[in-house]
Each structure stands twice: as C-alpha cells, then as structure tokens.
Amino acid sequence: MAIEICTKAASRDPNVLGDCPFTQRVLLTLEEKKVEYKMHLINLSDKPQWFLEISPEGKVPVAKIDGKWVADSDVIVGILEEKYPEKSLKTPPEVASVGSKIFPSFVKFLKSKDPNDGSEQALLDELKALDEHLKAHGPFIAGEKITAADLSLAPKLYHLEITLDHFKKWTIPANLSHVHNYKKTLFSRESFDKTKAGKEDVIAGWEPKVNA
C-alpha cells in the first residue's frame, strides 16, 4: 500500500509541487528507499476541510502510514526508517548534528535588514564548519554513504542558494569548495531532481517573509 503524503502546492499552479524543504526531505527519503507514495497537493492559502481535519494546524508534510496520519518531518522520517530498514539512511549519532544550524542562520540572514547585525558572519561560520567536516569526512556527512542528515540538509541548501542570490545577490564563497561539491552531488541525484520545487516557486514562497 502506497504511503500518502500531503505536500504544499505551488502558489502559481495548484497542480505543481510547492517549495516546502521539510516536505522535500520526506519525499527524498521515500525516493531513496524506493517506497511507493501518492501525493496530495494542498493549496495552503485555501486549505480543504478534509486536510484541516488531519492537520489542524494546517501544516505540511503530513503522511498516512499504516492507516494513520502523522505530522512533522522528523517523526515521519523516523517511522519510515523503522518501517523500511532495507536501505538504511540512519545517520551515526556522532555526526547527526552536522550542518543543523545552517538553516536557522540562513533564515536570519535572509530576513535581516541590518548589514551589521552579524547574521551574515554567523551563516558563514556554519558553512565553514560544514566545509571543514566534509573535507575531513566527506563526500557525505557520514562519509561514503548518503544518510538522513544529507536528505535534511539538501533542500535547505537549495533554498539558501536560490533565495540569497535573488534577494541579496549573495553566494556561498568559492573557497568553500567542499560545500560546493557537496551541493552539486546532492542536487544531481535523481531523487532530488524529482522532488525539488521550481526556482520561481522557492522565490515566491519566501517573498512575503523577506518583505515582512
């Protein structure tokens, strides 16, 4: 029985997958594990009643596994790992937190209106730490094998790359070559290509937050 998953629809077209990095993380997990799934595209600005009944907060992703709706990408990915252990994506605990501060640092810098608030430097520090880790232990966070940590970080790096270039004309420094190679490796995977949002949808999704 296919897993059902509620995902964000693109604001420009309700029949196209939207730009939620947490949903993409779940879709990447399903793709990498070769688990059959069925998507329900949800227009988040006009949520259907049936969706609000299974997700009272109106958030995606929500997945139906063994007849039960489950919210939160962390929880969903954990259940999928237990249920489909045959392609293990478990991240060794000692590297599980690598890169975990990049997303909050990126969001802070993206929304920042003050060039002297330290948010750019904070993001650079996180990216440098990732670069050093990959240099010593790469190509992936846990070494030779892709794991859940990479599938969580890949969509966030994709959003970072698109939005910082668009809104701030900012790119990851070229000397962080291990991060650049890592992005290239992740973004070129078939699973990533199948589950990523369009560039224009990522920009449209962040626009209201940046201009708030």
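## Thr163 and its surroundings

Setting aside neighbours within four places in sequence, Thr163 is in contact with Phe106, Leu110, Lys168, Val202 and Trp206. Contact means heavy atoms within 4.5 Å. This is a predicted model: local features need pLDDT of at least 70, side-chain atom pairs count only at pLDDT 80 or more, and totals for chains, interfaces and linings use all residues. Residues are numbered from 1 along each chain as its sequence is written, and side-chain values use heavy atoms, with hydrogens and water left out.

Thr163 sits in helix α6, residues 148-168. Helices (H or I, at least four residues) and strands (E, at least two) are DSSP runs, numbered from the N terminus. Thr163 counts as buried because its relative accessibility is 0%. Buried means under 20% relative accessible area, exposed means over 50%, and partly exposed lies in between (1.4 Å probe, protein chains only). A polar atom of the Thr163 side chain lies 2.6 Å from the backbone oxygen of His159.

## Aromatic pairs

A pair of aromatic rings is described by the distance of the centres and the angle of the planes. Rings of Phe, Tyr and Trp (its six-membered ring) pair if their centres lie within 6.5 Å; planes under 30 degrees apart count as stacked, over 60 as edge-to-face and the rest as tilted. The structure holds 9 aromatic pairs. In one of them, the ring centres of Phe22 and Phe103 are 5.7 Å apart and the planes stand at 90°, so the pair is edge-to-face. Phe22 belongs to helix α1 and Phe103 to helix α4 (residues 102-111), so this pair ties together parts 81 residues apart in sequence.

Phe22 is partly exposed, at 32% relative accessible area. Phe103 is buried, at 14%. Phe103 also pairs with Phe106: this pair is tilted, with 5.7 Å centre to centre and 50° between the planes. About one helical turn separates Phe103 and Phe106, because they are 3 residues apart in helix α4. Ring pairs link Phe22, Phe103, Phe106 and Trp206 into a cluster.

## Charges over rings

Two lysines come next. The charged end of Lys168 sits over the ring of Phe109, 4.9 Å from its centre. Lys209 lies over the face of Trp206, at 5.2 Å from the ring centre. A charge sits over a ring if NZ of Lys or CZ of Arg is within 6 Å of the ring centre and within 35 degrees of the ring normal.

## Helix α3

Helix α3 covers residues 73-83, and its buried residues are Ser73, Ile76, Val77, Leu80 and Glu81. Seen down the axis, they fall within an arc of 135°, so they line one face of the helix. The face turned away from this buried side carries the exposed residues Asp74 and Glu82. The cover over the buried residues includes β1 (3-8), α1 (21-32), β3 (62-65) and β4 (68-71). Asp72 caps the N-terminal end of α3, with a side-chain oxygen 2.8 Å from the backbone nitrogen of Asp74.

## Annotated domains

UniProt (unreviewed entry) gives "domain: GST N-terminal" for residues 10-88. This span is 37% helix and 18% strand, and its end C-alpha atoms lie 31 Å apart. UniProt also lists "domain: GST C-terminal" (unreviewed entry) for residues 84-212. Over residues 84-212 the chain is 61% helix and 0% strand, with end C-alpha atoms 41 Å apart. Such annotations may be inferred rather than shown by experiment.

Methods
A polar contact is a pair of N or O atoms within 3.5 Å; within protein, one must be able to donate a hydrogen and the other to accept it, and residues adjacent in sequence count only if both atoms are side-chain atoms. The arc is that of the directions from the helix axis to the C-beta atoms.
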